[in-house]
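Subject: Structure handover

Hello,

Here is the structure for you to look through. Please open it first, then read my notes below.

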Amino acid sequence: MQRMSGEAAASMVQVWRWTLSFMKPYRRQLLLQLTLGVLLTACEMMVPKSLELFIDHVIPERNWSYFAGLLAAMAVMVALMLGMRAYRNLIERELREKAASDVQLALFRKLRELGFSYYEKHSTGDSLSLMNTEVSAMQTIYQRHWPELVRCSLYVLVIAVMLAILHAPLLLWTLPWAGLYAICGPLLERRSMLGVLRMTEERVAYGQSVYDSISAQAELRAHGRLNWDRQRVLQDLERYLRSWRRMTVPLWLRGVPRRIVVYGSALTMFAYGAVLVRDGFLSVGEFVAFALYYMIMIFNLTLVITIMTEIRVLMSQAGKLYRLAEQKAELTEAEHPVKLPAVKGHLAFDCVSFRYPSGKADIVRAFKLDVRPGEKVALVGESGGGKSTILKLLGRFYDPTEGRILLDGVDYKELSLRQIRESIGFVFQETYLFGTTIRDNIRFVKPDATDAEVAAAAKAAYLHTFIEGLPQGYETEVGERGYRLSGGQKQRIAIARMFLKNAAVIVLDEATSALDNHSEQEVVQALEALMREKTIVTVAHRLTTVRHYDRIVVLERGMAVEAGGFDELLRRRGALYRLVEGRADGSG
Ligand code: ADP
Ligand code: MG
């Protein structure tokens, strides 16, 4: 890892604080864990002490009643230890599992809260990797590193006290060795940890390309590109295997410096201790106890250093999550939102300008539009003109950079997101079907709808007869792994959802442009039924489908350049006329 600058180090502290904050709700358990840990360690430390007493008193004095007492005390101690250890494991388990699942939930909520703009910026793969790789890195901190760190540090602390009481100078002897390890150990440890992380990343990338390859079978076969795909997947596999091979030596060497330090320091301690015994500074029993304590301590001390190194590497993963958690949602909800009793569906764009957070130029510029309840308005214009962007503003996926959008005369920012989303129904160019029954796919916009309501919505969308004809009727599974619906059928499902949702405003974004002529006719029929009593804002690619709309608005580079009835605009021979002429080759 690179040397950290001051600023990065400061943010590391924040990441630490954030990571630890997930344990805050479990303060009581933590305290209990620590207390039990101290008690347990103290009990365990009695074993070398008993040995010392055995060697120094029982053997020379042949004091067998003393021995019996010693044995009894040790038996009690062992029983106590077994009980405490079982209890501590229980607490630890609960603690780590809760903290780990809290992290998962918190980030999932955050991803939700960040909303649409986040998903437009990041790929599904990115978000999934965040939820899997990075979150699991953080979870190992709670699940493995934290309990081990507590355990090892307690050993070190308690034993250091015992050793200091036994013979302080001998304790000082250990310091240079521990220092040596603190300097050299992390070098190799860090390398292997980073390598392991790299390996995980390569494995994720490989998994992603296998996923791509499976999803794209139709394209790959249609274009005769199976070989190209195989090459690509094999390359990723090779990269993964290479990162794996590169790890062999570091992983193999991983424990070596630690063992060198543990045994090397034990050797020197033995030599020095022997001198002390010979010269009468230590009894044999004391020396044996000391040697045992010492071995336990140096072992745990090096382990603490190793764990700290691992945690630091994992923290760089946690850092990614921290930055995500720190991101502010771009939309803020009104604290006391205005509640419209009944939404009439009067929409107004009041001089709205908009620029994407990542963008350099305004995509929508000084856009004014007033749509009366029940009016049907179509937005048309060249692709890239900002039509879909206007619809995103209409759904309040984004807030305008300037100007206001009003529903029934109230600024969007004063309404609850919930009311806005309930008042506006969307049909997009493609409709996503969940992998569940067709009934639930329609019902998802209104989870408490009865079967009869669902059937009524399907009838209105000209779907009922078709669904009845399916093998399991409304219970037929659809979506990726179920019955495949055609594009037209999917769009009609979306329309059925709109009937069920019964929103005052319906927004259509090229709802029929992916369809062939025949399916389009069916969908248009369903749409006309939907349009009768709603406010409609449509983005249409095929201009013929919006002929009969009340108003056509022509957009050019985010500006409304023309508005009026279809025939009126054609007669004016302006922007719409040029648009129609430009598409006279049949697409219009
Ligand atoms: P239309 O629907 O009229 O074809 P869009 O509203 O989809 O046009 O896009 C208008 C412009 O905004 C395009 O230049 C597009 O590249 C840009 N754009 C769309 N979405 C984003 C986004 N999430 N971030 C940045 N720029 C975007
Ligand atoms: Mg578009």
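Which residues in helix 16 meet which residues in helix 18? On the helix 16 side they are Glu-453, Val-454, Ala-457, Ala-458 and Ala-460. On the helix 18 side they are Ala-496, Phe-499 and Leu-500. By class, this contact has seven nonpolar residues, one charged and no polar.

Before more detail, a caution. This is a predicted model. The mean pLDDT of the chain is 87. Of its residues, 97% reach 70 or more. Residues 1–5 have pLDDT below 50. That stretch still has seven contacts in the model beyond near neighbours in sequence. Where pLDDT is low, predicted coordinates should not be read in detail.

Now the overall picture. The chain has 21 helices and 10 strands. Its C-alpha trace spans about 120 × 50 × 50 Å along the principal axes. The radius of gyration is 35 Å, while a compact globule of 588 residues would have one near 25 Å.

Back to helix 16 and helix 18. Helix 16 covers residues 451–460, and helix 18 covers residues 487–501. Their axes come within 8 Å and cross at roughly 125°. That angle makes helix 16 oblique to helix 18. The crossing is right-handed.

Next, helix 2 (residues 27–44) and helix 4 (residues 64–114). Their axes are 9 Å apart, and the packing angle is about 150°. Angles over 145 degrees count as roughly antiparallel, so helix 2 is roughly antiparallel to helix 4. This crossing is left-handed. Among the residues that meet are Leu-36, Leu-39 and Leu-40 in helix 2, and Met-77, Met-81 and Met-84 in helix 4. The contact divides into 12 nonpolar, three polar and five charged residues.

Last, helix 7 (residues 175–215) and helix 12 (residues 284–326). Their axes come within 8 Å and cross at roughly 40°. Helix 7 is therefore oblique to helix 12. Helix 7 passes helix 12 in a right-handed crossing. Helix 7 contributes residues including Tyr-181, Pro-186, Arg-190 and Leu-197. Helix 12 contributes residues including Ile-305, Glu-310, Val-313 and Lys-320. By class, there are 11 nonpolar, four polar and six charged residues in this contact.

Best wishes

Key: Residues numbered from 1 in each chain as written. Chains lettered and ligands numbered in written order. Predicted model: local features only at pLDDT ≥ 70, side-chain atom pairs only at ≥ 80, totals over all residues. Heavy atoms only, no water. pLDDT = per-residue confidence, 0-100. Contact = heavy atoms within 4.5 Å. Axes fitted to C-alpha atoms, helices over the stretch in contact; angles between N-to-C directions. Helix = DSSP H or I, 4+ residues; strand = E, 2+ residues; numbered from the N terminus. Parallel < 35°, antiparallel > 145°, perpendicular 65-115°, else oblique. Left-handed = near helix turned anticlockwise from the far one by under 90°. Nonpolar A, V, L, I, M, F, W, Y, C, P; charged D, E, K, R; others polar. Rg over C-alpha atoms; globule rule 2.2 N^0.38 Å.
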